[in-house]
Amino acid sequence: MPRRAALVPVELVEDSRPEPTAPTMPNRRSRRPLLWLLAPVVAVAVLAGAQQVSEAMARAADARVAALPGAIDPLGDGIDVVWRSDPIDLPLAYGLVAQGALHGVVVGPDGSLTYRSVDLATGAERWSADLRGPDPALVDPLNTTRTRCQPWSADLAEPTQVVCLVTDVYLGRAGTGEAGRVASQSRLRVLDLADGHALADRAIAPVGSMAVLPGLVATGVVDAANHLLVVATDPLTGAELWRYRGAGPLLGATPPPPDVAGVGGLVFVSISTADSPMLLSATGERVPVDAATNGWAGTEQGWLTLQRLEAGRNDPVTTVYRPGEPLVEVDGTLLDRSVDDGSVPGLEVSTGQALYGWDTRTGARRWEADVDVAPVFRPSVLVIEGVVYVAGFDDIVALDARTGDVRWTFPRQVGSYRGELLTDGAHILLVEAPSDGVGTGYVTIVDRRDGTFVHRLALPAGVRDVFSAGRRLVDAGSQGIAGLG
């Protein structure tokens with residue numbers, strides 16, 4: 001066996017060299033308190049940024065709504081009378097609103113007829129056009145002229161001309177049963193709305209009414225054989241476009257002349273000896289009408305509505321005629337859409353025993369809501385960002401336009417108040433004027449999105465019959481028109 005090596009005693013000596021140290025690593029935990037301090041700051045900044053974005057989006061949406069037809073300018077902190085018109089200009093309050101002005105036929109103190117354009121912002125006359133000279137019969141304010149001017153252009157929503165039927169027909173003293181005067185002379189004049197200059201002026205058969213549709217004007221008479229005769233012509237050239245002659249003679253030895261009007265893309269003919277109106281298409285063909293029809297009206301959109309009663313139904317049935325669209329039937333009375341941003345295509349709303357939402361393409365009912373709409377001047381509905389707004393008997397009501405579910409309500413003032421529902425983009429406004437014409441009227445303003453109260457503005461003294469005209473509010477009283485701002 002190999003021998004082990006001899007054991008040698010050793011002495012342990014402490015090493016004076018410094019011990020090696022481990023590599024220094026970053027202390028991760030030392031930064032955590034700093035990050036926790038920064039986190040709330042970052043969160044606040046993110047929330048503030050998100051809120052700014054949300055507010056900017058809301059302002060942009062409000063601006064889009066404010067620019068829609070039917071919206072009005074913001075009222076500010078108070079309502080004052082900015083201008084007043086002469087009392088003879090009162091008919092302009094109910095005439096055409098176009099290009100920032102009121103337009104209408106005015107009867108002068110001597111019975112002469114003038115078509116006037118008055119600026120909505122200032123009340124100043126923009127222009128006037130003489131239509132007919134002095135007429136002693138029209139000096140009596142209870143005699144009503146049948147001279148009328150109606151918008152005419154390719155787009156009736158933005159008219160650039162008016163067609164005027166200038167006639168010596170007038171209706172007799174209101175409330176007396178006097179017949180007035182039948183037509184002995186009539187002219188057709190086309191005026192440019194920019195400055196009132198005449199684009200056409202020609203004599204036509206003596207009539208007391210006309211129908212104006214895009215591209216044509218139609219008038220109706222009873223011919224020598226007692227047949228209804230409706231003739232359509234080009235407003236500018238007078239060229240005949242078509243004529244319709246009734247198949248049989250009208251009842252009576254001397255039947256009165258028919259009344260015609262252009263509405264819903266149709267020529268509406270009312271004959272006093274018939275129970276229901278006659279409808280003619282824009283090309284002169286007869287359009288069938290339900291024999292049970294017992295009521296008719298036009299809408300702000302220029303649509304025609306015919307109503308009839310049916311057994312077993314609480315509400316009248318309304319047939320709606322719209323240019324270029326299929327017929328649709330709804331229960332109750334169709335409400336005008338005074339503002340519509342297109343967020344819910346194909347929706348129409350009617351009122352009766354309840355509030356109904358309809359699909360105008362199919363006639364199917366989309367929803368029904370237990371809401372009673374107040375019977376006010378210009379009852380209407382606003383459709384904005386998927387929400388329907390209506391003025392009920394007791395509340396302003398906002399409903400989901402797709403389901404009819406109520407989103408919010410705001411109570412109306414207690415008492416007998418009526419008025420129009422409006423928007424300025426950010427808000428919903430309700431004109432609350434006393435129905436009896438006594439006392440102070442108000443405009444109540446609430447937030448459009450949640451219905452929270454913003455403020456209530458008193459109407460000026462003596463101002464009680466307030467409604468919208470273009471983007472402004474006006475008052476129509478016995479002393480003329482008052483422009484508000």
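This is a predicted model: local features need pLDDT of at least 70, side-chain atom pairs count only at pLDDT 80 or more; totals for chains, interfaces and linings use all residues.
User: Is T167 buried or exposed, and what is its relative accessible area?

Analyst: Buried means under 20% relative accessible area. T167 falls under that cut-off and is therefore buried, with a relative accessible area of 1%.

User: What is the length of the polar contact that joins the side chains of T167 and S186?

Analyst: The polar contact joins the two side chains, of T167 and S186, at 3.2 Å.

User: Which side chain of opposite charge is nearest to D315?

Analyst: D315 is placed in the loop between β21 (304–308) and β22 (317–321). D315 is buried yet has no salt bridge. A salt bridge requires the nitrogen and the carboxyl oxygen to lie within 4 Å. The nearest side chain of opposite charge is 6.1 Å away and belongs to R365.

User: With which side chain does D315 make a polar contact, and which backbone nitrogen does the side chain of D315 reach?

Analyst: Leaving aside neighbours within four places in sequence, D315 is in contact with D331, G332, G352, Q353 and Y356. The side chain of D315 makes a polar contact of 2.6 Å with the side chain of Y356. At 2.8 Å, the side chain of D315 also reaches the backbone nitrogen of Q353.

User: Which residue meets R313 in a salt bridge, and where do the two residues lie?

Analyst: The side chains of R313 and D331 meet in a salt bridge, with an N to O distance of 2.4 Å. The pair links distant parts of the chain, 18 residues apart, with R313 in the loop between β21 and β22 and D331 in strand β23 (residues 328–331). R313 is partly exposed at a relative accessible area of 39%.

User: How far apart are the closest N and O atoms of E125 and R116?

Analyst: E125 counts as partly exposed at 41% relative accessibility. R116 is buried, with a relative accessible area of 15%. The two form a salt bridge, and the closest N and O atoms are 1.9 Å apart.

User: Why is strand β29 described as largely enclosed by the rest of the structure?

Analyst: In β29, S380, L382 and I384 point one way and V381 and V383 the other way, and all are buried. In a regular strand the side chains alternate between the two faces of the sheet. Strand β29 (residues 380–384) is largely enclosed because the number of its five residues that are buried is five.

User: In which sense does β29 pair with β25, and in which sense with β30?

Analyst: Strand β25 (residues 336–340) pairs with β29 over four bridges in the parallel sense, and the bridge partner of D340 in β29 is V383. L382 has Y389 in β30 as its bridge partner. β29 and β30 form a hairpin with two residues between them, and E385 in the turn has a positive phi of about 50°. With β25 the sense is parallel; with strand β30 (residues 387–391), over three bridges, the sense is antiparallel.

User: How far apart in space are R464 and G477, C-alpha to C-alpha?

Analyst: R464 lies in the loop between β37 (453–458) and β38 (466–469). At 28% relative accessibility, R464 counts as partly exposed. R464 and G477 are 13 residues apart in sequence, and their C-alpha to C-alpha distance is 8.0 Å.

User: What percentage of the residues in the protein chain is buried?

Analyst: The protein chain has one helix and 40 strands. Its accessible surface comes to about 25300 Å², of which 55% belongs to carbon and sulfur atoms. Of the 485 residues in the protein chain, the buried share is 45%.

How values were computed:
Residues are numbered from 1 along each chain as its sequence is written. Side-chain values use heavy atoms; hydrogens and water are left out. Buried means under 20% relative accessible area, exposed over 50%, partly exposed in between (1.4 Å probe, protein chains only). A polar contact is a pair of N or O atoms within 3.5 Å; within protein, one must be able to donate a hydrogen and the other to accept it, and residues adjacent in sequence count only if both atoms are side-chain atoms. Lys and Arg count as positive and Asp and Glu as negative; His and the chain ends are not counted. Contact means heavy atoms within 4.5 Å. Accessible areas come from the Shrake-Rupley method with a 1.4 Å probe; for residues, only the protein chains shown count as cover. Two strands pair if DSSP finds at least two bridges between them.
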